[in-house]
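Please open the model in your viewer and keep the sequence panel beside it. The tour below goes from one selection to the next and says what is found at each stop.

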Amino acid sequence: MDHHPEKGVELYHEDDAFVVLVDLEGVGRDEVDVRWHDRRLHVEAAHREPGQRTRVFHRSIGLPRPIREDDITATLTDGVLTVRLPIAEGERSGRTIEVT
């Protein structure tokens, strides 16, 4: 049985966005699925190496602030997936209800 070390995942908070870096060395763009659903970033990858089993990777990362979903970007360069999730400023995850 082949054992591959767990892929590295890093999360950074910049001024106006969260940035997630995922080590996906050897994985092609067509093998990666990135989705935003229920305030969570989902990253999945499946890579079949010649003569070996398929390596499968899945991570789900929750973020504490509302995100501008239409402005999320993802790039895969030199084996590193970079996902930028802009923070939706001015939006709150709740509201105050006046008691009358």
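Throughout this tour, two residues are said to be in contact when heavy atoms of theirs lie within 4.5 Å. The model is a predicted one, in which local features need pLDDT of at least 70 and side-chain atom pairs count only at pLDDT 80 or more, while totals for chains, interfaces and linings use all residues. Residues are numbered from 1 along each chain as its sequence is written, and side-chain values use heavy atoms, with hydrogens and water left out.

Select tyrosine 12 to begin, which you will find in strand β1; strands here are DSSP runs (E, at least two residues), numbered from the N terminus. Leaving aside neighbours within four places in sequence, tyrosine 12 is in contact with Ala17, Phe18, Val19 and Leu21. Its side chain is also joined to that of glutamate 10 by a polar contact of 2.3 Å, a term for a pair of N or O atoms within 3.5 Å of which, within protein, one must be able to donate a hydrogen and the other to accept it, residues adjacent in sequence counting only if both atoms are side-chain atoms.

Is tyrosine 12 buried or exposed, or something in between? Tyrosine 12 counts as partly exposed because its relative accessibility is 39%, where buried means under 20% relative accessible area, exposed over 50% and partly exposed in between (1.4 Å probe, protein chains only).

Next, select residues 9-13, strand β1, together with residues 17-23, strand β2: the two pair in the antiparallel sense over five bridges, pairing being counted if DSSP finds at least two bridges between two strands. A hairpin of three residues joins β1 to β2, and glutamate 10 has leucine 21 in β2 as its bridge partner. Strand β2 is mostly covered, with five of its seven residues buried.

Conventions: Helices (H or I, at least four residues) and strands (E, at least two) are DSSP runs, numbered from the N terminus.
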